[in-house]
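The following questions and answers are meant to be read beside the sequence and the model. Please consider each question before reading its answer.

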Amino acid sequence: MIENSKEGYYLSLRQTQKTIGSGKPNWQPWLLYFLRALQQQKRRLEKKIEREHLILGVLPELSLQIIDATKERGRVTIGEIVKLTGANRNTVKKHLAALVEAKQLTQHGRGKGTWYGFV
């Protein structure tokens, strides 16, 4: 966030730093920059949550279980999901492929070492 607007950050910081030695420092430039940055971040998170709710509302139950398991563990394997859910291995693979295609999860590796995590 701040990385993308370094120029504005440093400008507001310099404006405030110039007044720190005075008897009455002006914190407004830096505080306004910081509060606007927080506001932008809040908007981004709201959009992300809204998208997640839309997607989760249409996912099959097994896909939701896979996402929940991934949230709890940070990363999961096909074998772990089969053990947790009791679902058929091929069914789990299909759900994982759909979640990867929908960019809900990312696949890391191939073959026996494959694991899945969040984007």
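Q: Is T16 buried or exposed, and what is its relative accessible area?
A: Buried means under 20% relative accessible area, exposed over 50%, and partly exposed in between (1.4 Å probe, protein chains only). T16 counts as buried because its relative accessible area is 2%.

The model is predicted: local features need pLDDT of at least 70 and side-chain atom pairs count only at pLDDT 80 or more, while totals for chains, interfaces and linings use all residues. Residues are numbered from 1 along each chain as its sequence is written, and side-chain values use heavy atoms, with hydrogens and water left out.

Q: Which backbone nitrogen does the side chain of T16 reach?
A: T16 has its place in helix 1 (residues 6–20); helices (H or I, at least four residues) and strands (E, at least two) are DSSP runs, numbered from the N terminus. Contact means heavy atoms within 4.5 Å, and, leaving aside neighbours within four places in sequence, T16 is in contact with N26, W27, P29 and W30. A polar contact is a pair of N or O atoms within 3.5 Å; within protein, one must be able to donate a hydrogen and the other to accept it, and residues adjacent in sequence count only if both atoms are side-chain atoms. At 3.3 Å, the side chain of T16 reaches the backbone nitrogen of W30.

Q: How many aromatic pairs are there?
A: Rings of Phe, Tyr and Trp (its six-membered ring) pair if their centres lie within 6.5 Å; planes under 30 degrees apart count as stacked, over 60 as edge-to-face and the rest as tilted. By this rule, the number of aromatic pairs is 3.

Q: What is the angle between the planes of W30 and F34?
A: W30 and F34 both belong to helix 2 (residues 28–58), where they are 4 residues apart, about one turn of the helix. Their rings form a stacked pair, 5.3 Å centre to centre, and the angle between the planes is 10°.

Q: Which residue has its charged end over the ring of W115?
A: A charge sits over a ring if NZ of Lys or CZ of Arg is within 6 Å of the ring centre and within 35 degrees of the ring normal. Over the ring of W115, 4.2 Å from its centre, sits the charged end of R75.

Q: Which residue in strand 3 stands opposite T106?
A: Two strands pair if DSSP finds at least two bridges between them. Strand 2 (residues 105–108) and strand 3 (residues 115–118) run antiparallel and are joined by 4 bridges. In strand 3, the residue opposite T106 is G117.
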